[in-house]
Amino acid sequence: MSTRNQPVVQWTLIAVIVLGLAADAFVHFDLASAFANNKTSTLSEADLFRAEAVAAIVAALAVLVRPRRYTAAFAFLVAAAGTAAVIVYRYVDVGAFGPFPNMYDPYWAPAGKNISAVGEILATAAAATLFVVLHRARTHSPADDRSLATASSGDSRG
(Lines give C-alpha, C1' and ligand atoms only; values in the text may rest on other atoms or scores of the structure.)
Protein backbone atom coordinates (compact mmCIF):
# COMPACT_ATOMS: atom_id res chain seq x y z
CA MET A 1 0.00 0.00 0.00
CA SER A 2 1.42 3.36 -0.92
CA THR A 3 1.88 5.89 1.84
CA ARG A 4 -0.34 8.36 -0.06
CA ASN A 5 -3.37 6.07 0.23
CA GLN A 6 -2.70 5.02 3.81
CA PRO A 7 -4.59 7.91 5.54
CA VAL A 8 -7.63 7.33 3.31
CA VAL A 9 -7.65 3.62 4.12
CA GLN A 10 -7.19 4.29 7.84
CA TRP A 11 -10.01 6.85 8.01
CA THR A 12 -12.30 4.57 6.00
CA LEU A 13 -11.65 1.74 8.44
CA ILE A 14 -12.17 4.09 11.39
CA ALA A 15 -15.50 5.23 9.90
CA VAL A 16 -16.66 1.61 9.53
CA ILE A 17 -15.62 0.85 13.12
CA VAL A 18 -17.37 3.93 14.52
CA LEU A 19 -20.56 3.35 12.54
CA GLY A 20 -20.66 -0.35 13.40
CA LEU A 21 -20.11 0.27 17.09
CA ALA A 22 -22.60 3.17 17.06
CA ALA A 23 -25.26 0.85 15.63
CA ASP A 24 -24.34 -1.73 18.28
CA ALA A 25 -24.62 0.84 21.08
CA PHE A 26 -27.91 2.28 19.82
CA VAL A 27 -29.58 -1.12 19.53
CA HIS A 28 -28.36 -2.28 22.93
CA PHE A 29 -29.53 0.89 24.67
CA ASP A 30 -32.84 0.70 22.79
CA LEU A 31 -33.52 -2.95 23.65
CA ALA A 32 -32.15 -2.98 27.20
CA SER A 33 -35.44 -2.18 28.93
CA ALA A 34 -37.17 -5.06 27.16
CA PHE A 35 -34.86 -7.51 28.94
CA ALA A 36 -34.95 -6.03 32.45
CA ASN A 37 -36.96 -8.97 33.85
CA ASN A 38 -34.47 -11.59 32.67
CA LYS A 39 -32.11 -11.57 35.62
CA THR A 40 -30.26 -13.39 38.33
CA SER A 41 -29.79 -12.07 41.85
CA THR A 42 -26.77 -10.11 40.58
CA LEU A 43 -27.29 -9.03 36.96
CA SER A 44 -30.08 -8.52 34.52
CA GLU A 45 -29.82 -8.88 30.77
CA ALA A 46 -30.62 -5.15 30.61
CA ASP A 47 -27.49 -4.45 32.69
CA LEU A 48 -25.41 -6.47 30.26
CA PHE A 49 -26.99 -4.71 27.26
CA ARG A 50 -26.18 -1.32 28.77
CA ALA A 51 -22.62 -2.41 29.56
CA GLU A 52 -22.17 -3.55 25.94
CA ALA A 53 -23.53 -0.21 24.70
CA VAL A 54 -21.17 1.78 26.92
CA ALA A 55 -18.19 -0.37 25.90
CA ALA A 56 -19.09 0.15 22.23
CA ILE A 57 -19.26 3.93 22.69
CA VAL A 58 -15.94 4.04 24.54
CA ALA A 59 -14.26 1.88 21.88
CA ALA A 60 -15.68 3.97 19.03
CA LEU A 61 -14.56 7.23 20.65
CA ALA A 62 -11.13 5.83 21.48
CA VAL A 63 -10.42 4.73 17.91
CA LEU A 64 -11.81 7.99 16.54
CA VAL A 65 -9.87 10.29 18.89
CA ARG A 66 -6.64 8.26 19.04
CA PRO A 67 -6.31 5.75 16.19
CA ARG A 68 -3.54 3.51 17.49
CA ARG A 69 -2.98 -0.22 17.58
CA TYR A 70 -4.19 -0.49 21.16
CA THR A 71 -7.45 1.37 20.44
CA ALA A 72 -7.98 -0.75 17.31
CA ALA A 73 -7.37 -3.85 19.46
CA PHE A 74 -9.86 -2.62 22.07
CA ALA A 75 -12.47 -1.91 19.38
CA PHE A 76 -11.83 -5.38 17.95
CA LEU A 77 -12.36 -7.01 21.36
CA VAL A 78 -15.58 -5.12 22.04
CA ALA A 79 -17.02 -5.82 18.57
CA ALA A 80 -15.87 -9.45 18.51
CA ALA A 81 -17.32 -10.10 21.98
CA GLY A 82 -20.66 -8.64 20.88
CA THR A 83 -20.59 -10.71 17.70
CA ALA A 84 -19.78 -13.89 19.62
CA ALA A 85 -22.50 -13.23 22.19
CA VAL A 86 -25.28 -12.57 19.68
CA ILE A 87 -24.37 -15.65 17.63
CA VAL A 88 -23.86 -18.01 20.58
CA TYR A 89 -27.03 -16.93 22.36
CA ARG A 90 -28.98 -17.19 19.10
CA TYR A 91 -27.99 -20.80 18.42
CA VAL A 92 -26.98 -22.28 21.80
CA ASP A 93 -29.01 -22.44 25.00
CA VAL A 94 -26.10 -21.84 27.37
CA GLY A 95 -28.37 -21.40 30.36
CA ALA A 96 -27.67 -19.23 33.38
CA PHE A 97 -24.18 -19.41 34.83
CA GLY A 98 -22.64 -17.50 37.71
CA PRO A 99 -24.08 -14.00 37.80
CA PHE A 100 -25.26 -14.18 34.16
CA PRO A 101 -28.90 -14.89 33.33
CA ASN A 102 -29.99 -17.29 30.60
CA MET A 103 -29.91 -15.08 27.49
CA TYR A 104 -30.87 -17.70 24.91
CA ASP A 105 -32.96 -16.05 22.20
CA PRO A 106 -33.54 -18.34 19.18
CA TYR A 107 -34.97 -15.60 16.96
CA TRP A 108 -33.49 -12.80 14.87
CA ALA A 109 -36.32 -10.51 15.93
CA PRO A 110 -36.57 -7.65 16.69
CA ALA A 111 -34.92 -6.14 13.62
CA GLY A 112 -32.43 -4.29 15.81
CA LYS A 113 -30.76 -7.59 16.59
CA ASN A 114 -29.81 -7.96 12.92
CA ILE A 115 -28.60 -4.36 12.74
CA SER A 116 -26.46 -4.84 15.84
CA ALA A 117 -25.01 -8.12 14.56
CA VAL A 118 -24.09 -6.63 11.17
CA GLY A 119 -22.55 -3.57 12.85
CA GLU A 120 -20.54 -5.77 15.20
CA ILE A 121 -19.31 -8.01 12.36
CA LEU A 122 -18.26 -5.03 10.23
CA ALA A 123 -16.59 -3.31 13.18
CA THR A 124 -14.74 -6.53 14.06
CA ALA A 125 -13.36 -6.92 10.54
CA ALA A 126 -12.49 -3.22 10.20
CA ALA A 127 -10.79 -3.08 13.61
CA ALA A 128 -8.67 -6.15 12.84
CA THR A 129 -7.72 -4.65 9.49
CA LEU A 130 -6.93 -1.27 11.08
CA PHE A 131 -4.71 -2.98 13.62
CA VAL A 132 -2.72 -4.63 10.81
CA VAL A 133 -2.51 -1.40 8.79
CA LEU A 134 -1.29 0.56 11.82
CA HIS A 135 1.17 -2.18 12.72
CA ARG A 136 2.62 -2.19 9.20
CA ALA A 137 2.81 1.60 9.18
CA ARG A 138 4.72 1.50 12.45
CA THR A 139 7.18 -1.18 11.36
CA HIS A 140 7.60 0.03 7.77
CA SER A 141 9.49 3.26 7.22
CA PRO A 142 9.70 5.45 4.08
CA ALA A 143 13.43 4.63 3.92
CA ASP A 144 12.42 1.02 3.20
CA ASP A 145 10.45 2.24 0.17
CA ARG A 146 13.47 4.12 -1.17
CA SER A 147 15.80 1.17 -0.70
CA LEU A 148 13.33 -1.17 -2.41
CA ALA A 149 12.92 1.25 -5.33
CA THR A 150 16.68 1.62 -5.66
CA ALA A 151 17.24 -2.15 -5.51
CA SER A 152 14.50 -2.91 -8.05
CA SER A 153 15.73 -0.30 -10.52
CA GLY A 154 19.23 -1.73 -10.51
CA ASP A 155 20.68 1.55 -9.27
CA SER A 156 23.49 0.82 -6.87
CA ARG A 157 24.01 4.41 -5.76
CA GLY A 158 23.27 4.81 -2.19
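Guide: Happy to! From the N terminus on, the elements of the protein chain run α-α-α-α-α. Keep in mind that this is a predicted model.

Visitor: How many helices and strands are there in the protein chain?
Guide: The protein chain has 5 helices and 0 strands. Of its 158 residues, 33% are buried.

Visitor: And which residues have the most contacts inside the largest nonpolar core?
Guide: Those are I17, L21, A75 and L130, in a core of 20 residues. At least two residues of this core come from each of α1 (6-32), α2 (45-65), α3 (69-91) and α4 (111-139).

Visitor: Which helix gives the most to this core?
Guide: That would be α4, with 6 residues.

Visitor: Let's zoom in on I17. What is I17 in contact with, leaving aside its neighbours within four places in sequence?
Guide: I17 is in contact with V63, A75, A123, A126, A127 and L130. There is also a second, separate core of 5 residues, and L31, A32, A46 and F49 are among them.

Visitor: New topic: S116. Where does S116 lie, and is S116 buried or exposed?
Guide: S116 lies in helix α4. Its relative accessible area is 3%, so S116 is buried, the cut-off being under 20%.

Visitor: What does S116 touch, not counting residues up to four places away in sequence?
Guide: S116 touches D24, V27 and H28.

Visitor: Now the rings. How many aromatic pairs does the structure hold?
Guide: It holds 3 aromatic pairs. In one of them, F35 and F49 have ring centres 5.0 Å apart and planes at 40 degrees, so that pair is tilted. F35 sits in the loop between α1 and α2, while F49 is in helix α2, 14 residues apart, and the pair links distant parts of the chain.

Visitor: Is F49 buried or exposed?
Guide: F49 counts as buried, at 15% relative accessibility. Another pair is Y91 with W108, which is edge-to-face: 6.4 Å centre to centre, with 65 degrees between the planes.

Visitor: Where do Y91 and W108 lie?
Guide: Y91 is in helix α3 and W108 is in the loop between α3 and α4, so the pair ties together parts that are 17 residues apart in sequence. Y91 counts as exposed at 52% relative accessibility, whereas W108 is partly exposed, with a relative accessible area of 27%.

Visitor: What lies over the face of W108?
Guide: K113 does, at 5.4 Å from the ring centre.

Note on methods
Residues are numbered from 1 along each chain as its sequence is written. This is a predicted model: local features need pLDDT of at least 70, side-chain atom pairs count only at pLDDT 80 or more; totals for chains, interfaces and linings use all residues. Side-chain values use heavy atoms; hydrogens and water are left out. A nonpolar core is a set of buried Ala, Val, Leu, Ile, Met, Phe, Trp, Tyr and Cys residues joined through side-chain atoms within 4.5 Å. Buried means under 20% relative accessible area, exposed over 50%, partly exposed in between (1.4 Å probe, protein chains only). Helices (H or I, at least four residues) and strands (E, at least two) are DSSP runs, numbered from the N terminus. Contact means heavy atoms within 4.5 Å. Rings of Phe, Tyr and Trp (its six-membered ring) pair if their centres lie within 6.5 Å; planes under 30 degrees apart count as stacked, over 60 as edge-to-face and the rest as tilted. A charge sits over a ring if NZ of Lys or CZ of Arg is within 6 Å of the ring centre and within 35 degrees of the ring normal.
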